[in-house]
Every structure is written in C-alpha cells, then in structure tokens.
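Subject: Structure for you to look at

Hello,

Here is the structure I said I would pass on. My notes on it follow below.

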Amino acid sequence: MLVVVGAVVGLLASGVIGGSDPDKLLESAERYLDDEDYENAIIEFEKLLEIDDENIDAYLGLAEVYMAQEDYKKAIREYENALKLDDQ
C-alpha cells in the first residue's frame, strides 16, 4: 500500500496526474478549442495560466475561445493581456 501511495505522489509531483505540465495543458486546451469544446478549453487555458501567468499562447487561446463565443469584451481583454507580455 505504501508503495502505491508513493507512486501516486510521485506522479502527481511530476505532473503526469493532475495536468500540471504546461505543454500538455496547452496541447489539451488547443484540442478542446479545435473541437469547439469551449468550456473545457477555457478550463485548460486557465489552468495553464495558474502555472505560468506569462504564457502568451494561453492568453491568445482564451481570446480565440471568446471570439468564437462572440464575447468580444473578454476576447479584447485577453488580447490585451498577450500584448502586455509581448511588450516586455
């Protein structure tokens, strides 16, 4: 039992379980966006931003989601967030 708990803790820490690998989160979010599963795309892009709040691709992805949903205020906000980072 202790070995199993140790293995799960190790997988959590490495990001295999729990989805904390930024590249995998971005890939997952983009897949949801391509599939027009906007709710899950938003969740994944936001998880990515919790890990790396300077990830321009996450802000651009969120902007794309909001454009597709015709929520232009939110889309503009996310484009502005990406532009702020690009100016640094």
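Helices (H or I, at least four residues) and strands (E, at least two) are DSSP runs, numbered from the N terminus. On that basis the chain reads α-α-α-α-α along its sequence, with 5 helices and 0 strands.

This is a predicted model, in which local features need pLDDT of at least 70, side-chain atom pairs count only at pLDDT 80 or more, and totals for chains, interfaces and linings use all residues. Residues are numbered from 1 along each chain as its sequence is written, and side-chain values use heavy atoms, with hydrogens and water left out.

Chain totals

Of the 88 residues, 28% count as buried (buried means under 20% relative accessible area, exposed over 50%, partly exposed in between, with a 1.4 Å probe and protein chains only). The chain exposes about 6000 Å², and carbon and sulfur atoms supply 52% of that area; accessible areas come from the Shrake-Rupley method with a 1.4 Å probe, and for residues only the protein chains shown count as cover. Contact means heavy atoms within 4.5 Å. Among contacts between residues at least 6 apart in sequence, 32% join residues at least 24 apart.

Helices α3 and α4

The axes of α3 and α4 come within 9 Å and cross at roughly 160 degrees. That makes α3 roughly antiparallel to α4 (angles under 35 degrees count as roughly parallel, over 145 as roughly antiparallel, 65 to 115 as roughly perpendicular and the rest as oblique). Axes here are lines fitted to C-alpha atoms, for helices over the stretch in contact, and angles run from 0 to 180 degrees between N-to-C directions. Residues of α3 that meet α4 include Tyr-38, Ile-42, Phe-45 and Leu-49, while the α4 side includes Tyr-59, Leu-62, Val-65 and Tyr-66.

Glu-36 lies in the loop between α2 (22-34) and α3 (38-51). Its phi is near 60 degrees, a positive value in a residue other than glycine, and at 56% relative accessibility Glu-36 counts as exposed.

Glu-70 lies in the loop between α4 (56-68) and α5 (72-86). Phi of Glu-70 is likewise positive, near 60 degrees, and Glu-70 is exposed, with a relative accessible area of 58%.

Leaving aside residues up to four places away in sequence, Glu-78 touches Tyr-59, Leu-62, Ala-63 and Tyr-66.

Regards
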